[in-house]
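Me: I have a new model open in my viewer, and I would like to learn how to read its features. Could you take me through them step by step?

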Amino acid sequence: MIFFQSVLAFFVSLSILVNIHELGHYLVARWCGVKVRRYSFGWGKVIYSRKFGKDQMEWAISNLPLGGYVSWFDSSDPDTTEFTQEDVAREFRNQSVWKRAAIVLAGPMANFLLAIALFAGLFMHGIQEPVAKLRLTSSSSLAYQAGLRQGDLVLEINDKKIQTWTELKWHLMKAGLSHADPHIEVQRDNPDRPGSKIRLSVELPMKQLSAKELEGDFAGLLGLGLAVNPEVIFDEVMPDSPASKAGLLAGDQIIAVGQKPLLDVIDFIAVVNANPGKSLSLLVKRKQDRFEVGVTPVAQQVNGKTVGQLKVKLRAVNPEIVTVQSSFFEAISKGAERVWDTSSLSLKMIGKMFTGEVSLRNISGPITIADYAGQTSRIGAISYINFIAFVSISLGVMNLLPIPFLDGGHLLYYSLEVLTGKPLPERSIRMAQYAGGTLLLAMMGIAFFNDFARLMSYLPRLMP
C-alpha cells in the first residue's frame, strides 16, 4: 500500500510540474505569435483530442501520465501537407532570437512562479513548526564556546527575523556555504532577575565547517539541537521491568542521574542506553517528595547494538510549536524570497559538486524523489504541497543549467547568437547536443546509483 501511494504521489507531482513547465512555454509562444500544433497532457499514444480556435490547435490526452509536451508547427515535417506563407512566418525557428529566448525561458519561470504561489498559499494558511529554541548537550561544542546556551530562543540571524527551527537551519546553511560566520541574536532567561529576559549577540563559527560537513547533520556538529520538553516523566512502568523492581511508578519525574542534572528526555534516554547492566542512581521527584533510587538498565539488542533499557514509557518529547501565518502581500514576498534563496543554494551546491567540495551522493533520482513524495503525502497536504514547491524549484534550476538538450542550453545558443549576430552552425549544435546528452546520461547514471545505494542501505533495517 505504501509503495503504491509513493508511486501515485510521484506521478501526480511530476505531471503537475511538467505540465506547468510546458504551459509556460505554450502561453509565451502564443503571446509571441508562434503557431502551436498540439498541447498534450501526457506522453505516448494520443487517446483523446479536440481541436479549437482559428489555428485548429489540438488539445490532447496521451496514455503515459508523465507530464506533457508542446508541439510547434513545422513546415518541414513530412506530415505537414497544407500551410501558408503566414504559417511559415509563425514557425518557432523563424522568430527573432529574443522571442525564442523568451519562449524557452518561460518554462523554468513557470516552475518558479508555481513555487512562489504554493509557498504563499502555505504562509497565508499558516504553518505549524517548532520554535527556534536551542538544545545544547556539550560544553565543548562550537555553539557553547561561541556563547549559546540551553534554552536560548533565536530571534535573528544576520538581521533576518527567525521564528522556526526550519528557518534557523536554513540561514545557518546559507552562511556555511558562503563561508561566513553568522551573527545571531538570542533571548534567554535573566539569571539575576527571575521571570525576566535578556537579549544577547553571538557570532557562530560556521567557517570551521567544510562544504561536505554541511551535507549532513551540520547542526549536530555545531552542538545544536532542537529543544524539547525538559521534564522527564514516566507515563507508564512495565510490570517486572528494571524500573518497576526499583519501586518507580507512573508519574515519577527524574531530576538527575547521579550528580548530573538532566537537560531533557533525550538526555535521559541517552544516559540509560549508554549503561546496559550498570547501576544508575536516579534523583526522583514524586509529588512533593524527592529521593534517590538505584536502578540497573537491562541490556537489549537494538539494530545490532547493545543498549540499556528501563522498560518504561516516557511523556512525549514534543518541542514548542508556533503557527507562522502571513498576510497576502507578505506571503507573496516571503514565497519569492524562499524561491530565490532555494535556487541560489541549489546553484551553490551544484557548483561545489563540480569542484569536489560537495559529494555527488547528493544527486537524487526518481526512486528517492518518489520516496519523498510518498512520505510527505502520508504526513499531510501541507507537507506534500511543500514538497511539490521544492521540486518545482529544482526543476526550474536544472532546466536553466547551460547544458544542451535543456532550456539553459538553448538559452546559451541564443546568447551566442546575440553576440555574433548569426545562429550557431548546425554542426556545432549537433556536437554540443552529443556532449550534453553524454553529460545528462552520466548524471542520470549517478542519480540511479545513489538511489539504489540508499535503497540497499534501508534493507538491513527492514530485515527481521
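**Reading the model, feature by feature**

Reply: Gladly! Keep in mind that this is a predicted model. Let's begin with one side chain: Trp43 counts as partly exposed because its relative accessibility is 41%, and partly exposed covers the range between buried, under 20%, and exposed, over 50%.

Me: Now a helix, please. What span should helix 11 have, and why?

Reply: The expected span is 1.5 Å times one less than the number of residues. Helix 11 (residues 381–400) has 20 residues, so the span should be 28 Å; the end C-alpha atoms are 29 Å apart, which agrees.

Me: Which residues of helix 11 are buried?

Reply: Among them are Tyr384, Phe387, Ile388, Ile393 and Val397, along with Ala389 and Gly396. The polar Ser392 and Asn399 are buried too.

Me: And the whole chain: what radius of gyration does the chain have, beside that of a compact globule?

Reply: The chain has 29 Å, whereas a compact globule of 464 residues would have a value near 23 Å. Along its principal axes, the C-alpha trace spans about 95 × 50 × 40 Å.

Me: How many helices and strands are there, and how much of the chain is buried?

Reply: There are 13 helices and 18 strands, and 41% of the 464 residues count as buried.

How values were computed. Residues numbered from 1 in each chain as written. Predicted model: local features only at pLDDT ≥ 70, side-chain atom pairs only at ≥ 80, totals over all residues. Heavy atoms only, no water. Buried < 20%, exposed > 50% of the residue type's maximum accessible area, 1.4 Å probe, protein only. Helix = DSSP H or I, 4+ residues; strand = E, 2+ residues; numbered from the N terminus. Rg over C-alpha atoms; globule rule 2.2 N^0.38 Å.
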